[in-house]
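Let's take a walk through this structure together. Keep the sequence and the 3D view side by side as you read.

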Amino acid sequence: MTDEQWRRALDKYAKPRVERSWPPQGGVHELAGTLRTRAGQEPSRFAAFALTLGPDMPGAYLCAILEGAAPHLDSGTWENLVLHTHRTLGEEAASTVCRALQATPDRFTSAQLPLLTNYAAASSPERDIRNLDAEGTRTDLLTAGLNATRGQAAITCATLLFHDARHLRELRPLILRLATDPVLAVRVCAAEAVRALMNHDPQTALDAADQLMTHQDLNVHNAHTTQRLLIGALARDPARFAPTSRRPSTAHGRPGSSQDRPGPW
């Protein structure tokens with residue numbers, strides 16, 4: 001298919017149509033999956049094509065190209081595609097853009113700092129999801145955080161600082177803000193960023209860890225990210241964090257409940 005044929009196909013399936021809600025099938029979702037595969041096979045071509053897509057097209061198309069092409073692009077094209085996706089879709093593309101940044105921390109530059117700052121101050125999530133959903137399952141805090149914009153921003157900060165300290169000065173205030181986020185799902189993601197910060201600025205990280213884990217809702221201790229942070233904090237300042245380690249970990253009143261034990265992302 002030529003670019004013009006692709007554009008006609010994208011335009012055709014952008015129109016509202018009946019689709020199966022879960023798993024997403026048909027229409028936009030199915031075409032986006034094909035687009036992702038082709039972008040992985042011809043990354044340069046589809047990256048150039050993506051730069052011609054605007055907000056009039058469903059965001060799934062642009063996100064699919066970024067997901068498929070990004071791992072195979074040179075640094076300049078990768079940066080242009082990441083920035084174009086963010087500028088075109090805003091918070092809608094946050095998860096896709098953050099995963100692209102996490103996959104290639106060596107390519108992160110000051111040009112991407114504004115978008116990461118934007119995600120760290122985003123509206124999602126507005127609150128914690130602790131109720132049973134329609135299928136009768138419960139969303140754990142870490143999974144909820146990973147599915148939210150501020151949570152993904154926190155994991156991105158962690159990945160960048162685990163890689164190196166080039167952007168420590170700019171990332172530190174973002175991490176400190178996320179560590180005291182009112183939504184616990186964001187805090188448990190920020191725990192990973194605070195743990196990364198400990199490698200470069202241990203005193204600031206310890207102060208942030210203390211604030212992150214000092215919360216009246218003991219569910220903050222149930223995520224393995226928070227537990228790893230506590231282990232690191234205990235190793236550096238046992239007297240300060242020993243009382244925190246003795247706080248019971250509960251899941252809706254049931255110590256040790258497996259419902260709220262998240263797996264690795």
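This is a predicted model: local features need pLDDT of at least 70, side-chain atom pairs count only at pLDDT 80 or more; totals for chains, interfaces and linings use all residues.

Start at Pro-125, which sits in the loop between α7 (113-120) and α8. The peptide bond joining Ser-124 and Pro-125 is cis, with omega at about 5°.

Residues are numbered from 1 along each chain as its sequence is written, and side-chain values use heavy atoms, with hydrogens and water left out.

Now zoom out. The protein chain has 14 helices and 2 strands; these are DSSP runs numbered from the N terminus, helices being H or I with at least four residues and strands E with at least two. Of its 265 residues, 48% count as buried, and buried here means under 20% relative accessible area, with exposed over 50% and partly exposed in between (1.4 Å probe, protein chains only). The accessible surface of the chain comes to about 12600 Å², and 51% of that belongs to carbon and sulfur atoms; such areas come from the Shrake-Rupley method with a 1.4 Å probe, and for residues only the protein chains shown count as cover. Take the contacts (heavy atoms within 4.5 Å) between residues at least 6 apart in sequence: 71% of them join residues at least 24 apart.

Next, look at how some helices pair up. Axes are lines fitted to C-alpha atoms, for helices over the stretch in contact, and angles run from 0 to 180 degrees between N-to-C directions. On the α1 side you'll find Trp-6, Ala-9, Leu-10 and Tyr-13, which meet Gly-27, Val-28, Leu-31, Thr-34, Leu-35 and Arg-38 of α2.

Helix α6 (residues 94-103) and helix α9 (residues 149-163) have axes that come within 9 Å and cross at roughly 10°. That makes α6 roughly parallel to α9. Among the residues in contact are Cys-98 and Leu-101 of α6, and Ile-155 and Thr-159 of α9.

Which residues of α13 are buried? In that helix, His-224, Thr-225, Thr-226, Leu-229, Leu-230 and Ala-233 are, and the buried residues pack against α8 (141-146), α11 (184-197), α12 (202-213) and α14 (238-245).

Thr-85 lies in helix α5 (residues 75-89) and counts as buried because its relative accessibility is 0%. Leaving aside neighbours within four places in sequence, Thr-85 is in contact with Leu-62, Leu-66, Gly-90, Ala-93 and Val-97. Thr-180, for its part, is in the loop between α10 (168-179) and α11, and counts as partly exposed because its relative accessibility is 33%. Not counting residues up to four places away in sequence, Thr-180 touches Arg-187 and Gln-211. Thr-180 and Leu-212 are 32 residues apart in sequence, yet 5.6 Å apart in space, C-alpha to C-alpha.

Notes: Angles under 35 degrees count as roughly parallel, over 145 as roughly antiparallel, 65 to 115 as roughly perpendicular and the rest as oblique.
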